[in-house]
Amino acid sequence: MPEISIAVEDAGDYDVIVVGGGLSGVCAAVAAARTGARTLLCEALPFVGGNGTTGLPISGLCARNSDKIVVGGLVIEIIELLLKRGGVGADFKLKEWIPVDAEQLQLALGELLHTAGVTLLTYSPLLAVGREQSRIRDLSFYNKDGRALRYRAAAFVDSSGDAQLARLAGLTTPMGRQRDGQTQTMSLVFSVGGVDEARAESKSALAEAWNTLQASGATRNKRRDPAVNEVFGRPGWRSFIATRVHVKKGTDNRLLADAELEGRRQIEEFICTFLRSRAGYENCFLAQISSHVGVRETRRVSGLYEITTADLVSGRKFDDAVACSASSIEIHLPDSGLPHWQHLQDGDYYTIPYRALVAREVDNLFASGRCISATHEALAALRVLSPAMATGQAAGTAAAQSALNGVAADRLDVVQLRETLRAAGAIVE
Ligand SMILES: Cc1cc2nc3c(=O)[nH]c(=O)nc-3n(C[C@H](O)[C@H](O)[C@H](O)COP(=O)(O)OP(=O)(O)OC[C@H]3O[C@@H](n4cnc5c(N)ncnc54)[C@H](O)[C@@H]3O)c2cc1C
């Protein structure tokens, strides 16, 4: 394949560089900085929060299963910062799923990064990765002035959701189902305003009516069981996950461009031919379309351990656990309009092992969030916000310890890592 060349400016040295400023990358960067590492967080978009802010309103954060609280540390700190701003309900501790205000979330994340002393570089897509044998040496980011900015570091965290860092480093990055590589379907999330709260049809009645229409073949949209949610702090608003877009992969801009258009067609059809005929929705208006189509699954990092469905449904507790979660497996199947669910027992939870955050082919790369090492099926539970944030905190802490002590990721003292995480309020087992 022909190559292109671009001028490069050496822009600085850090202990840890985190790529991707989604919620998992923010937690990784804050944790690394608090562990004492000089930390750079790089993000392609102008702001941080990733799908937690661009894809919202989503239904919220999963924090517990019945009586068992499964996340602490930075997840709770962020919620408390939101509480200060009125961006979350004061009763959040009682909820399994915590709805949050996406705009306030951006403000809270900015404060958190600033206080931790993280250097933030937004507007900067990762362009190239420099390697020396089994070590990643530097990363170059596209700069609007037409040159690339190159930064060196001792340890790196891939929080890009798409395993972009691993991919550009030439590492193995599995994608999709083992049998055919197909990934979960996408959804373009949207909100409507102008809902008459007193008359609004219930969520279940709406979903049932849509399923009947959908089954009749009268719509182009194959999504069944649309999710309908109140929007935190906005009476008269509802958010919908009611679109279903399937393209071969979510890492090809040409296919993503098609997906954006198709998502918008489905939104218009849903509102005009269905929603406005329902009680309380007659005068609703399209209030917000998520800033990009919601991609549930792309590439992941190939780690020292790959988490499986059996690990999750059996509530496995690993010796090297660094995070916990109770999120159900929720697969938006490429071959069916209905999401496939597998729930945990009431009060149960599973753990996430350190080895699933460590790239197996190099010495100094960690993964967090949507691109950790798990099978297609297991990732369908681990990809959501609270495990993404908890693995971010673990990966960032580990990257800092690895960089500051000059230890390869696979030789890190996991006992010490777990102690540091516990001391920072994280729930590791
Ligand atoms: C339709 C939909 C609904 C959902 N609803 C919920 C819900 O209700 N509750 C829940 O918990 N989860 C939900 N999720 C899942 C959740 O939003 C994500 O899985 C979660 O945001 C993952 O966090 P992350 O930080 O790993 O990745 P992301 O949020 O995707 O962040 C990755 C970041 O990396 C940046 N990036 C990517 N490539 C580069 C590059 N080359 N250079 C620099 N930066 C780069 C991106 O711009 C992005 O900001 C939903 C997902 C979808 C698609």
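Ala, Val, Leu, Ile, Met, Phe, Trp, Tyr, Cys and Pro count here as nonpolar, Asp, Glu, Lys and Arg as charged, and the others, Gly among them, as polar. By that scheme, the shell around the ligand has 16 nonpolar, 18 polar and 5 charged residues. The model is a predicted one, in which local features need pLDDT of at least 70 and side-chain atom pairs count only at pLDDT 80 or more, while totals for chains, interfaces and linings use all residues. Residue numbers start from 1 along each chain as its sequence is written.

**Ligand shell**
- There are 39 residues around the ligand, and Gly20, Gly22, Gly50, Gly294 and Gly369 come nearest; a residue is near a molecule if its C-beta atom, placed from the backbone, lies within 6 Å of it.
- Two or more residues each come from α1, α2 (51–54), β4 (61–62) and α10; helices (H or I, at least four residues) and strands (E, at least two) are DSSP runs, numbered from the N terminus.
- Helix α1 gives the most to this shell, with 3 residues.

**Helix α1 against α10**
- Helix α1 (residues 23–34) packs on helix α10 (residues 385–405) at about 30°, with the axes 7 Å apart; axes are lines fitted to C-alpha atoms, for helices over the stretch in contact, and angles run from 0 to 180 degrees between N-to-C directions.
- That angle makes α1 roughly parallel to α10, a label for angles under 35 degrees.
- The crossing of α1 and α10 is right-handed, meaning that the near helix is turned clockwise from the far one by less than a right angle.
- Among the residues that meet are Gly25, Ala28 and Ala29 in α1 and Ala388, Gly392 and Gly396 in α10; contact asks for C-beta atoms, placed from the backbone, within 7 Å.
- This contact of α1 with α10 involves 14 nonpolar, 7 polar and no charged residues.

**Helix α1 against α4**
- The axes of α1 and helix α4 (residues 102–116) come within 9 Å and cross at roughly 20°, so α1 and α4 are also roughly parallel to each other.
- Here α1 passes α4 in a left-handed crossing, with the near helix turned anticlockwise.
- Val26, Ala29, Val30, Ala33 and Arg34 of α1 touch Leu109, Leu112, Leu113 and Ala116 of α4.
- By class, the contact of α1 with α4 has 8 nonpolar, no polar and 1 charged residues.

**Domains**
- The chain is assigned domain 1 (8–177 + 298–423) and domain 2 (190–289), with bounds from an automatic or database assignment.
- Their C-alpha centres lie 29 Å apart.
- Contacts join 13 residues of domain 1 to 16 residues of domain 2.

How values were computed: Two residues are in contact if their C-beta atoms, placed from the backbone, lie within 7 Å. Angles under 35 degrees count as roughly parallel, over 145 as roughly antiparallel, 65 to 115 as roughly perpendicular and the rest as oblique.
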